Amino acid sequence: MHMYTDTLFGGNGIVGAQVPVGAGIAFAHSYKEDGKVCISLYGDGAANQGQIFEAFNLAALFKSPCMFTCENNHYGMGTSDVRAAANPHYYTRGDAVPGIKMDGMNVLAVRDFTKAVTDWMRAGNGPVVAEVETYRYYGHSMSDPGTSYRTRDEVQEVRKTKDPITQLKSFLLEGELATNEELKEIEKECRQTVDEAVDFARTSPELEVHEMYNTIYTDMDGVRIRGADATTYGIHSP
C-alpha cells in the first residue's frame, strides 16, 4: 500500500478506491498513445464496491487499456465469497467489459494470461475484467487467526496440492531446467536473506521523531512539514 514508483501507484486506505485510479491511469495511457496499459488490482472483498462498476463503465466507454484484476482468495477479510456476493463469478461482472478467469496459483499460467490480455488491450480493444483465483494461508491481519471461517485441513490441502512455489519447483524439475540441489541452494539463500532482514529489524534502534518528516516529498529539503496538529512542525530532509 505504501510503495510508489513511476509505474506503481500504491494502494489506498479506502476499500476499492484504487480501481477508479487505475481506470484514470489507463485513460492517460490511451490519451498519450504511449502503448502502455494499467493493471488495477483489488480483492474479492472489494468487488462489491459501487465505484468499481463506475470504473468499468468509464473504461468501456473510452476503451481504456485497463486490466481490472480481482484477486479472489475466496474469503475477503473473513467472509467467504459465496456469502458476500450474490454472483461470486467476478470475471462475469463487467457488463460490457469482457471477462476471463485463471489459476492464480500457477506462475506460468499467470505469465501467459497477462501477456495475452495486455496484448489484446494494446490492440485497442479496451478493458478486461480478470479474475485471478488464489488463496491465502494466513489470516487477513494480526487479529485474524484465519481458522474461524475455514478448517485447518482446508488450508493444508491447498498448501499440498496448489502451492505456487511447489508447483514451479515441479515444473523446473520436470522440464530439466534445474536440479534438486540447485533449487535447495536457492531456497537456502532465500531463507538466509529473510533471516538477515528480520534480525536487522529486531536489532535496529527505534527511529527518532524527526525521521517522521524525512523522504516524504521530492525537492522539499529544508521545508517545514506539518505534524499531527497545527502547532507541530518538522524539517523535511532526504
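The model is a predicted one, in which local features need pLDDT of at least 70, side-chain atom pairs count only at pLDDT 80 or more, and totals for chains, interfaces and linings use all residues. Residues are numbered from 1 along each chain as its sequence is written, and side-chain values use heavy atoms, leaving out hydrogens and water.

Let's start with strand S1, residues 38–43. Helices (H or I, at least four residues) and strands (E, at least two) are DSSP runs, numbered from the N terminus. In a regular strand the side chains alternate between the two faces of the sheet.

Next, find strand S2, residues 66–72, which pairs with S1 in the parallel sense over 6 bridges; two strands pair if DSSP finds at least two bridges between them. Tyr 42 stands opposite Cys 70 in S2.

Now look at the nonpolar cores, each a set of buried Ala, Val, Leu, Ile, Met, Phe, Trp, Tyr and Cys residues joined through side-chain atoms within 4.5 Å. The largest has 19 residues, and Val 19, Tyr 42, Ile 52, Phe 56, Phe 68 and Val 129 touch the most other members. Helix H1 (18–32), S1, H2 and S2 are the elements that give two or more residues to this core. A second, separate core of 9 residues includes Met 67, Phe 113, Val 117 and Val 128.

What about His 74? Its place is in the loop between S2 and helix H3 (81–84). The His 74 side chain makes a polar contact of 2.8 Å with the side chain of Asp 81 and another, of 2.9 Å, with the side chain of Glu 133. A polar contact is a pair of N or O atoms within 3.5 Å; within protein, one must be able to donate a hydrogen and the other to accept it, and residues adjacent in sequence count only if both atoms are side-chain atoms.

Finally, visit Pro 164 in helix H6 (residues 164–174). Pro 164 is partly exposed, with a relative accessible area of 28%.

Conventions. Buried < 20%, exposed > 50% of the residue type's maximum accessible area, 1.4 Å probe, protein only.
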